[in-house]
Amino acid sequence: MAEKKTSKTTTRKKTTTKKTTRSSKNKKLVIVESPSKAKTIEKYLGSTYQVVASIGHVRDLPKSTLGVDVEDNYQPKYINIRGKGPVIKDLKKAAKNAKQVYLASDPDREGEAIAWHLQYILGLDPEKSNRVVFNEITKDTVKNAFKEPRTINQDLVDAQQARRIIDRLVGYSISPVLWKTVKRGLSAGRVQSVALGLIIAREKEIQAFQPEEYWTLDSEFKKGRSKFKANFYGFDGKKQPLPDNAAVQGVMGQLDTKQPFTVSSVKAKERKRSPQPPFTTSTMQQAANTQLKFRTRKTMMTAQQLYEGINLGRGLGQVGLITYMRTDSTRLSAVAKNAAAQYIHNEWGEEYSSHKPVAGVPQEGAQDAHEAIRPTDVFKTPASIKDKLTPDQFKLYSLIWSRFVASLMTPEILDTMAVTVEQNGVLFHANGSKTKFPGFTKAYPSAKERDNLLPDLAEGDTVDLAKTNPEQHFTMPPARYSEAALIKALEENGVGRPSTYAPTLDTIQRRNYVRVDARKFVPTELGEVVQNIVDDKFPDITNTKFTAKVEHSLDEIEVGEKKWVPVVDEFYKPFAKEVESAEKTLEKITMHDELAGMDCEVCGAPMVVKMGRYGKFYACSRFPDCRNTKAIVQEIGIECPKCHKGQVVERKTKRGRKFYGCSRYPDCDFVSWDKPKAPGEEQADDKKDTKKKKTGAK
C-alpha cells in the first residue's frame, strides 16, 4: 500500500511540473536575484509574467586559480559558480520558453554585472533592451520600469569588473606571501587592509597616550527656592583652566562663600536645530549600530528584507517597504517629498512641514535611481504594520521612516539662556535651554534635546552659593573604533563603497585580525603581524589616499570617463613589482601561542590559548600529536544549584548567546539562560517583592 501511495504522489508531482512548464510558455520572463523579491514583483506584474530568481551571482572568477590573464589586458576567466548548475539549467529552460526575457537585478554596479552575466549565459541579444531597474519595489514603480527597459550599461559593468579584478589581484597575490611567512588561511585586501590599519593606528595612539590632570569646579546656586548649576569659567572675563588642586584652592581662597554672587550677564536668544538628511547606506549602518546596537551585517540583512518585500496581509500581500538600501545619495524624488508633506500636514499641521504638498503627482524625479533610503509609502507608519514585522524589522523600519519624515520637517526651536554669576572677579557660567517649538523631533523623538531650565534671572540679581563640587579628572585617550565609527572613518577617507563595509568588517573578524571587546575593535597579535607585512611590503594597499584614488577611478569608469583596462594596469604594474620583491625578501615569522598556565590532563604538556571560530579555547601545545582541548569558562562565584559540587560558569552558544551551566558538565547537566543568584540574593529579592506587594495592597 505504501509503495502505491508513493507512486501516486510522484506522478502527481510530475504532472504539476509539466503543467508549470506549459503555463510558462509565451510568458514574459523576469529574472531577479532573490526568491522573496521575485514573489513581490510577480504579484505586481500579473499572470502574463513569470518572475524567477538567479539566487545571486551565476558566474564569477574561479576560486582555485587567479582567473585573470595579466598578459592579455587582464581578461577575466569567468566560470559558472559551483552548485549553480540546476539554477542555470532552469533559467535556460524558462528563457527558451519565454516570449520576452527581462533582467531586473538590483540598480547598482553589482546588479548590472549580474544582469550582464545572465545575458551571456542565456544567449540574449546584447543590443536588445531587456534591462529593467527600479529603486523601490512598489506596484507603480515596477510597472513603470517595465515600460522603459534599456540595454545593459557597459560602463557600470566595467566599473564592477575592474573592482573585482583589482581585488582578486591583490588578494591572490598577497595571500600566498602571508601563507609563506606567517601561516595558511590568511588574506589581505584593499579595503580590509585600510580598515585594519585604522584600528591598529588607533590602538597605538591609545598605548602612547599620556593622561593629563585637570580639575572642574561645578557649583550649585540658588535664588529663592530655585536652584541651578554653574561651572567655574575664569577670572575677570578671561577663561582659566584648572590644571591641579592648587589652582582650585586658589579659586576657593578668592571666594567668600557666605556672601551672595551677582548675576553679571544674561544672554537670551533663540537657537534652531535643523534635521539631518535621510539615510545613505553608511549613515544607516552607523545609526543602527549606535541606536539599535545592530551589527553592520544584521543591519544590511534586515534592510534587504524590508526592500524585497514583507507580507502585510489584509489583501496587500508582499510589499517592498523601503527603497534600495545601497546608496550614497541623500536625494529624494519629488513624489516622495510630496507624499511626506501631505503626511506631515495631516498629522501635525503645516507649520511642521518644510515643503508644501503639490496637487497631483509631479513628474520630476519620479524614477530617481539614486535616492536616499526611505519608506516606499510614508503612510505605512511603523505602528500601523508592527504586527507584520519581526522585532528587528520593526526597529530598523522605524529608524528609516523617522529619519526620512524628519528630514522634510521644520527645525526644532530652542529658547536658550547663558548666565554669568561672579564674586570678587571669579566667574561661573550656566547654560539653559527649553524647547519652544519641537519641529522635526515630533517624528524623530530620539533627536530631541532635553530641557535644562534656569530660573528667571536678570542682570544685577543676587544668588547664593549652595555647594561646590571640585573634581579631579584626567584626559582620556581616543576611543577604540566601534563599527559605526570605523564605517564613518572609511567613508570620510573615501575608502570602500556602501556594499563593501559589511563584508569588510566581517572578514577582519573571521580572520582573527581583530576581536570585539565592549562593542569596540581591538587588534590581535596576528592582525598586527599581517598589517606590518602589508605596510612594509605593499605600502600603497594600506595608504588611504591611494585606495581612495582607486575608488575615484572606478567612479570615473562608471560614468564613461575612463576605460577599465588602463585603470587596472596603472594599479597592477607597480604592485606586481612589490609582490616579487616581497617573495624574495620576507622570512618566516613564528607566532607564539599564549601559555594557559596549566598542563594537559592527557599528556602533561603545557596548554596554550588558541583562537577558534567561536572564540578562544585551551589546546595542548603538542597538537596535532595530542588533540586535547578545553573550553575557557568564567566562574560567577555561585555553587551549582543542582549538584552542589560544581561551580556555575558562563558559557556561549555557537551563535554567541550567553548561558550558564555547571562546571562539572557532562556529569551535571544544569543549564540556564538567566544568571543564577546566590541564596542571599534570592532572599533579598523575595523580601523586596513582598514589600512591593504590601505597598500595593495599601
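Arginine 480 forms a salt bridge with glutamate 203, and their closest N and O atoms are 2.9 Å apart; a salt bridge here is a side-chain nitrogen of Lys or Arg within 4 Å of a carboxyl oxygen of Asp or Glu. This pair links distant parts of the chain, 277 residues apart, since arginine 480 sits in the loop between strand 16 (462-474) and helix 13 (483-492), while glutamate 203 belongs to helix 7 (residues 190-208). Helices (H or I, at least four residues) and strands (E, at least two) are DSSP runs, numbered from the N terminus. Glutamate 203 is buried, with a relative accessible area of 7%, whereas arginine 480, at 29%, is partly exposed; buried means under 20% relative accessible area, exposed over 50%, and partly exposed in between (1.4 Å probe, protein chains only).

This is a predicted model, in which local features need pLDDT of at least 70 and side-chain atom pairs count only at pLDDT 80 or more, while totals for chains, interfaces and linings use all residues. Residues are numbered from 1 along each chain as its sequence is written, and side-chain values use heavy atoms, with hydrogens and water left out.

The whole structure holds 34 salt bridges, including these:

| Pair | N to O distance |
|---|---|
| Arginine 273 and glutamate 449 | 3.5 Å |
| Lysine 584 and glutamate 580 | 3.5 Å |

Lysine 584 and glutamate 580 both lie in helix 18 (residues 564-585), four residues apart, which is about one turn of the helix. Lysine 584 is exposed at 67% relative accessible area, and glutamate 580 is partly exposed at 43%.
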